Amino acid sequence: MLNNVQIILIGTTHPGNIGAVARAMKNMCLERLSLVRPKIFPSAEATARASGADDLLAQAQVFDDLDKALDGCRLVVGASARRRSVSWPQVTPGPCAQMLLQEASKGKVALLFGRESSGLSNEELDRCQYLVHIPANPDYSSLNLSQAVQVLSYELRVRDLENNSASEQLELPEVATAEAMERFFEHLRQTMEETGFSNSNQSEKLNRRLRRLFLRARPDDVELNILHGILSAARGRKSMRRS
Ligand code: SAH
């Protein structure tokens, strides 16, 4: 999903910030960086600040207008240092990341960042379906550009990891069928009776407890076969003793 998330920097003034953004992105497994009318790029300062993330700088796409950078994007979110008064729906960083990832599962999405001095213009905000604001100190809410990218990239990374582990948990392991479990319970019941461990009159509660135990364990076929083997061995020994 993260491959479909494009970070777009508009009109960046300091090349060092572009490098620091590349580093912040690579730390969080993001790869797609686009630059719209950067003041200075490429630059040795950007490469130095990228500190090993210069592959992202080398792959970065440079555009002379925002529309070209947004081509094919399904969802565009603008990062704003100020809480804007009206018109744009606002989201907080966590839900923003979730929404971007959801759309990124179907295609390209973009997160826009503004200029160091003046942020995003109203025309640029018009291109955004949502604005995201990092809830910083209301009296000092403007983060350094690369640090804002870091916070929002981190949210994307955490949500992506959570989504992946949730879908792994949903993948059910290969467990024995209900029918196979019933055959095992019958074998267990017979064995307990035959070995004198319990008799059917007193064992309803016990059987239910044992059912709960084995159903909770969710054995697979191989494990059930081992259990059948143990029961058969116990019955065999019992009948050997009788004979
Ligand atoms: N002085 C500018 C802020 C520029 S900071 C202004 O008042 O708008 C550069 C960019 O970093 C911003 O355009 C925004 O994209 C991002 N940014 C900085 N602080 C942020 C915050 N608290 N929440 C979301 N984005 C932020």
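The report takes up the domains, a pair of helices and the salt bridges in turn.

## Model and domains

This is a predicted model, in which local features need pLDDT of at least 70 and side-chain atom pairs count only at pLDDT 80 or more, while totals for chains, interfaces and linings use all residues. Residues are numbered from 1 along each chain as its sequence is written, and side-chain values use heavy atoms, with hydrogens and water left out.

The chain is divided into domain 1 (2–165) and domain 2 (178–242), with bounds that come from an automatic or database domain assignment. The centres of the two domains, taken over C-alpha atoms, are separated by 60 Å.

## Helix 8 and helix 9

Two packed helices are described by the angle between their axes and the distance between the axes. The axes of helix 8 (residues 178–194) and helix 9 (residues 204–217) come within 11 Å and cross at roughly 140 degrees; axes are lines fitted to C-alpha atoms over the stretch in contact, and angles run from 0 to 180 degrees between N-to-C directions. Helix 8 is therefore oblique to helix 9, where angles under 35 degrees count as roughly parallel, over 145 as roughly antiparallel, 65 to 115 as roughly perpendicular and the rest as oblique. Helices are DSSP runs (H or I, at least four residues), numbered from the N terminus.

## Salt bridges

A salt bridge is a side-chain nitrogen of Lys or Arg within 4 Å of a carboxyl oxygen of Asp or Glu, and by this rule the count comes to 14. One of them joins the side chains of Asp55 and Lys26 (3.0 Å, N to O). This pair links distant parts of the chain, with Asp55 in helix 3 (residues 54–59) and Lys26 in helix 1 (residues 15–27), 29 residues apart.

Technical notes:
Helices (H or I, at least four residues) and strands (E, at least two) are DSSP runs, numbered from the N terminus.
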